[in-house]
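Subject: Structure handover

Hello,

Please find the structure below. My notes on it follow.

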Amino acid sequence: MDGLDKLKHISVYLGNTCNFDCSYCDREYIAKDVGGQTLKHAWVDLVVDFFDKTMPHCKGLDIISVHGGEPFLFISRMDDLFTKLFDKYIKNTDRKFCITTNGSLIAENKEFLKKWGPYIKFTISYDFAFQKQNREGNPMTVVGDGLQTRDFTHVSDVVSANITMALCEDKAVCGELFNVGSGTSFAVLDLVNMIGGEDPYYTFMPERLGEARFTQANIEKIKSFGWKPKVKLENWLKEVGS
Ligand code: SF4
């Protein structure tokens, strides 16, 4: 059990099924090399037993996470696992559960969110065209002159905004519209430079007729309900690499 006191994070694999088909997904590798089987209901107690034996040695553990596949496709198992671990390892601690998700099924599971919302962090899997082009050694394709600005918003902030408003008890918000954004904007060429570094490789495409020149969301309305964006584009790009 040496070194377990330095462990920060234990992740439980729920299953290999997903409702998305991302090009960069590792499910095929997991299925081939480690089986990719689904956690059966009857195995949840075995996982809890593992935690009971391991946690006394993991004083520094911050996160108990679940991933897949798409964890929300295994929601009853996830709920069972959280219920069995909560009192012993989450309640009255700074620890959180973390769900690695594509975010598409969160809004359909409001009861789960009401129950576990304060104890959950979300990690959202995300990639976009410039990063893919850059990683594959292809030029990043800039539309127009690249000086148009956009409010680039991380999907986890979009999810947290949806959760905030879904759980809002003020009935007056029903049917209201709320802008969600980062509150700042960058030129597309700024983004190319952030991803491509000192010598970015890019090419131009013809401007699209009717495309907005400058966009930036006014997020004051949703901020008044306690939500604010957490992810800054420049920090996130440094974190995930280009
Ligand atoms: S959302 Fe995640 S698990 Fe699903 S296909 Fe994409 S990368 Fe794979």
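How do the residues of the shell around the ligand divide into nonpolar, polar and charged? There are four nonpolar, four polar and three charged residues in that shell. Here Ala, Val, Leu, Ile, Met, Phe, Trp, Tyr, Cys and Pro count as nonpolar, Asp, Glu, Lys and Arg as charged, and the others, Gly among them, as polar. The ligand has 11 residues around it, of which Cys18, Phe20, Cys22, Cys25 and Asn102 come nearest; a residue is near a molecule if its C-beta atom, placed from the backbone, lies within 6 Å of it.

Before the rest, two notes on the source. This is a predicted model, in which local features need pLDDT of at least 70 and side-chain atom pairs count only at pLDDT 80 or more, while totals for chains, interfaces and linings use all residues. Residues are numbered from 1 along each chain as its sequence is written.

Strands and helices

Helices (H or I, at least four residues) and strands (E, at least two) are DSSP runs, numbered from the N terminus. Two strands pair if DSSP finds at least two bridges between them. Strand β1 (residues 9-13) runs parallel to β2 (residues 63-67), joined by five bridges, and Ser65 of β2 is the bridge partner of Ser11. β2 also pairs in the parallel sense with β3 (residues 96-101), over four bridges; there Val66 stands opposite Ile99. Val66 belongs with Ile64 to the covered face of β2, whereas Ile63, Ser65 and His67 make up the uncovered one.

A right-handed β-α-β unit is made by β2, helix α3 (residues 75-89) and β3. Right-handed means that, with the strands pointing away from the viewer, the path from the first strand over the helix to the second runs clockwise.

Loops and backbone

The loop between β2 and α3 holds Gly69, and the peptide bond from Gly68 to Gly69 is cis, with omega near 25 degrees. In the loop between α3 and β3 lies Asn92, a residue other than glycine with a positive phi, near 60 degrees. Most residues other than glycine have a negative phi, and most peptide bonds are trans.

Asn92 counts as exposed because it has 6 C-beta neighbours inside 10 Å; the cut-offs for C-beta atoms within 10 Å are 20 or more others for buried, 12 or fewer for exposed, and partly exposed in between.

Helix α4

Lys114 lies in helix α4 (residues 110-116). Lys114 has 11 C-beta neighbours inside 10 Å, so this residue counts as exposed. Its C-alpha atom is separated by 9.5 Å from that of Ile163, 49 residues apart along the chain.

Regards
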